[in-house]
Protein chains: 2
Amino acid sequence: MQNDIVKTLATHRKSSRLFRTETPPIKDIIYALETARQAPSGSNMQPTSFIFIDNSNVKAKVRLASEKGEKRFYDGLVEDRKRWYMEKELSWHKPNLEEAPFLIAVVADSSKPNFFASAWVSVAFILLALEEKNLSTVTYTPSNPSLVAEALGLPKIQQVITILPIGYDADPKLKEPRKPLKEIIKYNDFDTPFIE
Amino acid sequence: MQNDIVKTLATHRKSSRLFRTETPPIKDIIYALETARQAPSGSNMQPTSFIFIDNSNVKAKVRLASEKGEKRFYDGLVEDRKRWYMEKELSWHKPNLEEAPFLIAVVADSSKPNFFASAWVSVAFILLALEEKNLSTVTYTPSNPSLVAEALGLPKIQQVITILPIGYDADPKLKEPRKPLKEIIKYNDFDTPFIE
C-alpha cells in the first residue's frame, strides 16, 4: 500500500459548493457509503442512515426547507459575522442543494447514545472516500434541521445531521487556510505547545 | 494511487481497548494530527486542539477523572443496559487511559459554531490515519467531560470531546458487526430502501 494516502486525501480535499452538471457513477456514492458503514458508533448502535437523493422534486423540497432556515439565521446575524459570510460569498441561498447531481441526507436516530458524534464520524469517512473517487462535497449543516426533516417526512426520532451535495468540483474557491500544526498540538498540558 | 484504500482502512479498522506496551513512533501520531489539521470545520473556525499525552502523571489524572464520571454513569444504568455493557466486558474501569503508550485528548473551543461536529470530523480523520500506520485506538467519550477538563486544567471555554488511547493492538475482541448496507441507505425517501 502506498504511503501517507489518508493525509494526502485530507490535504487535497476542500469544500466545494459548485459542481459540474456531469452525473457521477452511482457506484462511487455507494463506495462512500460502504466506507461510512464501517465507522465506529456509540455502543455500536449504528444510529446513522443515509438518504441518497437524485429526484429533482425531493432536491427542490430540501433546498426550500433549508433556505427557509438559513434566511432566518442570516437575518439574525450580528454585523461582523454578516460581513464575514459576505466576504466568503456565503448567503442563505443554497442553489447547490438543487443543482448538485446527488444529495446525501445524513440522518440519525436521536434516541441512541452519542448519535450526533457517531453520525459525524461516518460523515468524515464519506468525505475521504469521495475525495478518493475525485468527487467533491460540502458538509452543509442546516440552521434549522427540523424544517429539513419535515420536508423529508422523517419520523420524529430521526434528526438531520448534514446534507451533502455531491458532484465533480467546479468551485473556483481555494481551500481555506489551516492553522499551523504547532498551534493545535499541545504537550501534556493545554498551555504547553508541542515542539516536534 | 491504489484503489479503494479508504474503504479498506475503514473496514479493517476496529476499536481497541488493549495495547501492546511497545511505544509507537511519535512521527506516526504527528502524521495523524497533520491529517486532522486538514479537516473541514464550521465556518473554518478550526475549534479543535489535540493534547498529546505521554506523561504518566497526566495519564493517571485523566484516568482517575474519567473513572469518577464512568462510575456514576454505570451506577445509574437500567438493568438491561448494564447487562449489555457487562456482556461486552465494558465497565467503569478505564485502565487503558493509563496503560496506553500515548493519549490524545481532543478538546474544542465551545464558543465556535458547530465545534462539536467539527471536532468529530477531525477525530474520524485521525482514526483512518492511525489505521494506515497500523495503530489502534478507541474513541473514549467521557460520561462527564467536565471532570476530565478539570484534571487537564483546561480553560472554561474548552470542552473535552474524546480521549484516544493509542498503541499497537493487543485486544482479542473482533470488530463489532455492522448493519447491512441496504438497511442504512434509503432512496429519496426515508421509507424507501435503496436497492442497488
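Predicted model: local features only at pLDDT ≥ 70, side-chain atom pairs only at ≥ 80, totals over all residues.
In this model, 73 residues of chain A are in contact with 73 residues of chain B, contact meaning heavy atoms within 4.5 Å. Residues are numbered from 1 along each chain as its sequence is written, chains are lettered from A and ligands numbered from 1 in the order in which they are written, and side-chain values use heavy atoms, with hydrogens and water left out.

Let me continue with the interface. The size of an interface is often given as the accessible area lost when the parts come together. Chain A and chain B bury about 6,800 Å² between them, and 62% of that lies on carbon and sulfur atoms; buried area here is the accessible area (1.4 Å probe) that two parts lose on being put together, summed over both. On the chain A side, Arg178(A), Asn188(A) and Phe190(A) lose the most area to chain B, together 11% of what that side buries.

I turn now to helix α6 of chain A, residues 115–132. Helices are DSSP runs (H or I, at least four residues), as strands are (E, at least two), numbered from the N terminus. The 18 residues of α6(A) reach 26 Å from first C-alpha to last, close to the 26 Å expected at 1.5 Å a residue; the expected span is 1.5 Å times one less than the number of residues. Of those 18 residues, 17 are buried, where buried means under 20% relative accessible area, exposed over 50%, and partly exposed in between (1.4 Å probe, protein chains only). After α6(A) comes Asn134(A), with a positive phi near 65°.

How does α6(A) meet helix α1 of chain A, residues 5–12? Their axes come within 9 Å and cross at roughly 90°; axes are lines fitted to C-alpha atoms, for helices over the stretch in contact, and angles run from 0 to 180 degrees between N-to-C directions. The two helices are therefore roughly perpendicular, a term for angles of 65 to 115 degrees, with under 35 roughly parallel, over 145 roughly antiparallel and the rest oblique. From α1(A), Val6(A), Leu9(A), Ala10(A) and His12(A) meet Leu128(A), Glu131(A) and Glu132(A) of α6(A).

In chain B, the axes of α1(B) and α6(B) likewise come within 9 Å and cross at roughly 90°. Val6(B), Leu9(B), Ala10(B) and His12(B) in α1(B) meet Leu128(B), Glu131(B) and Glu132(B) in α6(B). Because 17 of its 18 residues are buried, α6(B) is largely enclosed by the rest of the structure. Just after α6(B), Asn134(B) takes a positive phi of about 65°.

Next, helix α3 of chain B, residues 56–75. Not counting residues up to four places away in sequence, Glu67(B) touches Trp92(B), His93(B), Lys94(B) and Pro95(B).

Finally, Pro25(B) counts as partly exposed, at 32% relative accessibility. The C-alpha atoms of Pro25(B) and Lys133(B) are separated by 9.8 Å, although these residues stand 108 places apart along the chain.
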